[in-house]
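Thanks for asking me to look this one over.

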Amino acid sequence: MASTKHLEYIDFSFGNISIRIKQNQSSLLTGTTIWDASHVLGDYLNNIFRKKSTSISKPPLQGKYCLELGSGCGLTGILVTLLGANTILTDRKDTLFILEDNVGSNVPNFSKSQEAFKVNDNENMNTKELDNGMTAVIGQALVKELDWEQPVSKDIYDPSTPNHIEFDYVLAADCVFNIEMLNPFINTLVNVCGPHTQAFVAMERRDADVINAFLSRVEERGFTWNRIPKSKLLKVDGVAGVVEVYKLRVKKIKK
């Protein structure tokens with residue numbers, strides 16, 4: 001994707017779903033502009049979830065729970081919400097202003113608390129008109145603070161806490177780039193991924209040592225992983241392999 005960080009708004013299209021993302025370059029925070037990894041991951045997830053869907057009328061992720069780590073502007077989390085998933089989008093406190101703006105402008109009636117998030121799932125259907133003129137059932141969205149280095153929003157991953165959620169999918173785009181943040185990020189993955197969770201982690205290949213360290217460390221912490229073939233991923237400015245996507249699962253314990 002050609003440089004778009006100078007733009008205030010960027011429009012994305014995923015089939016019949018349109019998403020407008022607001023950026024804030026003046027904040028000097030990495031999470032307030034769009035990075036290629038979120039676009040590539042979103043495109044891949046849109047393709048695989050639509051292909052897996054067995055119903056034309058039912059959203060492909062209806063009834064599923066997703067957690068996005070390091071949401072930034074929120075593109076990937078917003079997309080899976082519009083595909084039907086109940087999604088918690090998280091980031092550090094200083095980035096939440098842009099995340100809340102984008103979720104609020106793309107997801108009608110997004111939740112303000114985790115309790116409301118759960119209640120809405122049980123009692124109300126959230127809907128949105130798509131590009132083809134059809135009204136579709138979409139998921140609920142909740143924005144929460146989650147700093148990987150701090151015990152914030154512990155209810156997200158503590159099973160003993162009320163309103164705890166078992167996540168079907170955990171998503172992270174461009175969260176693997178700094179060697180010093182690998183362990184906090186992996187600790188968070190360990191905490192939020194259950195035995196049935198599928199995690200999708202997308203990253204630009206900026207530093208091979210950082211990526212190799214990430215893959216080695218997640219194996220040590222009990223995950224298996226496989227790299228998604230680059231032939232299945234969106235090209236960046238016509239080049240394949242600029243962004244890599246990995247699927248992680250917690251290793252099954254042999255009885």
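**Notes on the model**

1. Let me start with a residue that is well hidden: Glu-244 is buried, at a relative accessible area of 1%. Throughout, buried stands for under 20% relative accessible area, exposed for over 50%, and partly exposed for what falls in between, with a 1.4 Å probe and protein chains only. Glu-244 has a salt-bridge partner in Arg-205, with the closest N and O atoms 2.3 Å apart. Arg-205 sits in the loop between strand E9 (198-204) and helix H6 (208-220), and Glu-244 in strand E11 (residues 243-250), so the pair ties together parts that are 39 residues apart in sequence. Arg-205 itself is partly exposed, with 38% relative accessibility.

2. A word on the ground rules. This is a predicted model, in which local features need pLDDT of at least 70 and side-chain atom pairs count only at pLDDT 80 or more, while totals for chains, interfaces and linings use all residues. Residues are numbered from 1 along each chain as its sequence is written, and side-chain values use heavy atoms, with hydrogens and water left out.

3. Now the overall picture. The protein chain has six helices and 11 strands, where helices (H or I, at least four residues) and strands (E, at least two) are DSSP runs numbered from the N terminus. Of the 255 residues in the protein chain, 51% are buried. Taking contacts between residues at least 6 apart in sequence, 69% join residues at least 24 apart; a contact here is heavy atoms within 4.5 Å.

4. Back to the charged pairs. The count of salt bridges is six, each being a side-chain nitrogen of Lys or Arg within 4 Å of a carboxyl oxygen of Asp or Glu. One of them joins the side chains of Asp-11 and Arg-20, at 2.7 Å from N to O, and Arg-20 is partly exposed at 44% relative accessible area. Another pairs Arg-206 with Glu-204, where the closest N and O atoms are 3.4 Å apart. Arg-206 is partly exposed, with a relative accessible area of 43%, whereas Glu-204 is buried at 16%.

5. Asp-174 deserves a look of its own. A network of salt bridges links Asp-174, Glu-204 and Arg-206. Asp-174 is in the loop between strand E8 (169-173) and helix H5 (182-192) and counts as buried, at 11% relative accessibility. Please check its backbone too: phi of Asp-174 is near 60°, a positive value in a residue other than glycine.

6. Which residues lie closest to the centre of the largest pocket? The pocket has a volume of about 640 Å³, and of its 29 lining residues the closest to the centre are Thr-30, Gly-31, Asp-91, Asp-174 and Phe-177. The lining divides into 11 nonpolar, 10 polar and eight charged residues. Nonpolar covers Ala, Val, Leu, Ile, Met, Phe, Trp, Tyr, Cys and Pro, charged covers Asp, Glu, Lys and Arg, and the others, Gly among them, are polar.

7. There is also one cavity of 30 Å³ or more. Its lining residues are Val-176, Phe-177, Glu-204, Arg-206, Asp-207, Val-210 and Ile-211. On a 1 Å grid over the protein atoms alone, a cavity is a set of points where a 1.4 Å probe fits but cannot get out, a pocket is an open set with protein on both sides within 12 Å along at least five of seven lines, and lining residues have an atom within 4 Å of a point. Grid points are joined across faces, edges and corners, and a volume is the space filled by probe spheres set on the points.

8. The largest nonpolar core has 46 residues, and Ile-19, Ile-21, Leu-45, Ile-78, Val-103, Val-107 and Phe-200 have the most contacts inside it. Its largest share, seven residues, comes from helix H1 (residues 36-52). Apart from this core lies another, of 34 residues, among them Leu-67, Tyr-157, Leu-182 and Leu-189. A nonpolar core is a set of buried Ala, Val, Leu, Ile, Met, Phe, Trp, Tyr and Cys residues joined through side-chain atoms within 4.5 Å.
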